[in-house]
Amino acid sequence: MAMIEVKNLKFSYDQEIMAINDVSFSIQEGSYTTIIGRNGSGKSTIAKLIAGLLEKKSGEILIDGLPLDEEHLTAIRRTIGIVFQNPDNQFIGSTVQDDIAFGLENHCVPQAEMDGIIQKFASKVKMSEYLNSEPTHLSGGQKQRVAIAGVLAMQPKILIFDEATSMLDPQGKAEIKKVIMDLHKESHLTILSITHDIDEVVSSDDVLVMNNGKIAMFGSPEDVFKDEDRLRRMDLDIPFSMKMEDALLKHGVRLHRNISMERMVEELCQYHSKA
Ligand SMILES: Nc1ncnc2c1ncn2[C@@H]1O[C@H](COP(=O)(O)OP(=O)(O)O)[C@@H](O)[C@H]1O
Ligand SMILES: [Mg+2]
């Protein structure tokens with residue numbers, strides 16, 4: 001079943017440029033979709049339109065079958081959690097515990113239930129030991145994990161990450177990537193992740209490629225990366241395994257086109273043992 005259905009969506013911040021120009025796609029419940037595209041291609045705008053943070057000019061957005069209109073806006077917003085780029089702009093509590101509690105308080109969750117919910121989601125992102133810590137004592141990765149706990153506590157159906165790892169150091173990036181992967185494995189959440197991390201893209205179910213406010217490509221990572229030249233023309237990176245294949249070919253080693261590192265290594269070992 002489609003969790004997100006977008007039909008002929010258009011949006012502009014001002015009259016001149018169409019930031020989103022007649023976009024249609026549908027995203028299945030429980031799937032993990034990455035969104036890639038060069039800066040300014042409309043990725044964040046799409047995310048904000050879906051989350052009900054911007055109002056469309058025309059077209060249709062359906063979330064879990066309900067149209068995202070004035071009547072359903074409040075209800076739909078409750079079902080979508082969004083995590084942005086900058087960990088500092090998202091930390092609003094004075095401690096980790098307060099921060100996770102923030103959304104729950106706004107939704108009038110009784111105090112008696114609150115502690116249990118906070119502990120459950122702090123544990124999910126491995127921040128249980130930091131409940132009384134202040135943001136100044138946390139790394140960027142830890143702050144983003146708290147932000148994720150805060151949105152998970154609201155029990156959303158859809159989780160959107162808008163370059164949630166891009167301001168983090170390598171360790172922070174790895175931590176958040178693992179949280180996203182584990183959520184995909186263990187929960188039935190529909191996940192949308194705007195990312196520049198090609199390894200993350202390779203492990204997602206579907207890839208949506210944005211270019212100039214339009215969808216340039218949408219499909220499995222295997223299908224999308226088949227058209228390497230087109231991706232390069234949009235300044236997009238290709239998986240390390242594919243670059244490696246190209247480099248090997250220059251040395252006369254021809255492997256099958258493959259984006260999985262494991263399969264590539266297997267084939268390389270076979271090649272090596274034959275040589
Ligand atoms: N707040 C804004 N006001 C005016 N134009 C904007 C605003 N935010 C984004 N844009 C423009 O809309 C287009 C899409 O931007 P955005 O969705 O942020 O792209 P991306 O997230 O892919 O980098 C760009 O041309 C950008 O300059
Ligand atoms: Mg953006």
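Student: What makes D22 partly exposed, rather than buried or exposed?

Tutor: The relative accessible area of D22 is 37%. Buried means under 20% relative accessible area, exposed over 50%, and partly exposed in between, with a 1.4 Å probe and protein chains only. D22 is therefore called partly exposed.

Student: On what kind of model do such values rest, and how are its parts numbered?

Tutor: This is a predicted model, in which local features need pLDDT of at least 70, side-chain atom pairs count only at pLDDT 80 or more, and totals for chains, interfaces and linings use all residues. Residues are numbered from 1 along each chain as its sequence is written, chains are lettered from A and ligands numbered from 1 in the order in which they are written, and side-chain values use heavy atoms, with hydrogens and water left out.

Student: Where is D22 found, and what is its phi?

Tutor: D22 is found in strand 2, residues 20-28. Strands (E, at least two residues) and helices (H or I, at least four) are DSSP runs, numbered from the N terminus. The phi of D22 is positive, about 60 degrees, although D22 is not a glycine. Most residues other than glycine have a negative phi. E163 also has a positive phi without being glycine, near 50 degrees. E163 is placed in the loop between strand 7 and helix 7.

Student: Why is E163 called buried?

Tutor: Its relative accessibility is 11%, and E163 therefore counts as buried.

Student: How do you know that R38 and D235 form a salt bridge?

Tutor: A salt bridge is a side-chain nitrogen of Lys or Arg within 4 Å of a carboxyl oxygen of Asp or Glu. The side chains of R38 and D235 meet at 3.0 Å, N to O, and the pair is a salt bridge. R38 lies in the loop between strand 3 (32-36) and helix 1 (43-50), and D235 in the loop between helix 10 (228-233) and helix 11 (240-249), so the pair ties together parts 197 residues apart in sequence. R38 is partly exposed at 29% relative accessibility, whereas D235 is exposed at 58%.

Student: Which residue forms a salt bridge with D88?

Tutor: The partner of D88 is K143, with the closest N and O atoms 2.6 Å apart. D88 is in helix 3 (residues 87-90) and K143 in helix 6, 55 residues apart, and the pair links distant parts of the chain. K143 has a relative accessible area of 12% and is buried, while D88, at 47%, is partly exposed.

Student: Why are D223 and K226 separated by about one helical turn?

Tutor: They are three residues apart in helix 9 (residues 221-226), which means a separation of about one helical turn. An α-helix has 3.6 residues a turn, so residues three or four places apart point the same way. D223 and K226 also form a salt bridge, with the closest N and O atoms 3.1 Å apart. The structure holds eleven salt bridges.

Student: Why is helix 1 described as largely enclosed by the rest of the structure?

Tutor: Six of the eight residues of helix 1 are buried, so the description applies. The buried residues are K43, T45, I46, A47, L49 and I50.

Student: What makes a set of residues a nonpolar core?

Tutor: A nonpolar core is a set of buried Ala, Val, Leu, Ile, Met, Phe, Trp, Tyr and Cys residues joined through side-chain atoms within 4.5 Å. The largest has 33 residues, of which V96, I100, I148, F161 and L183 touch the most other members. Helix 6 gives the most to this core, with six residues. Apart from it lies another core, of 28 residues, among them I46, L68, I76 and I194.

Student: Which residues does H188 touch, not counting residues up to four places away in sequence?

Tutor: H188 touches E29 and G30 on that count, where contact means heavy atoms within 4.5 Å. H188 lies in the loop between helix 7 (170-186) and strand 8 (190-194). With a relative accessible area of 58%, H188 is exposed.
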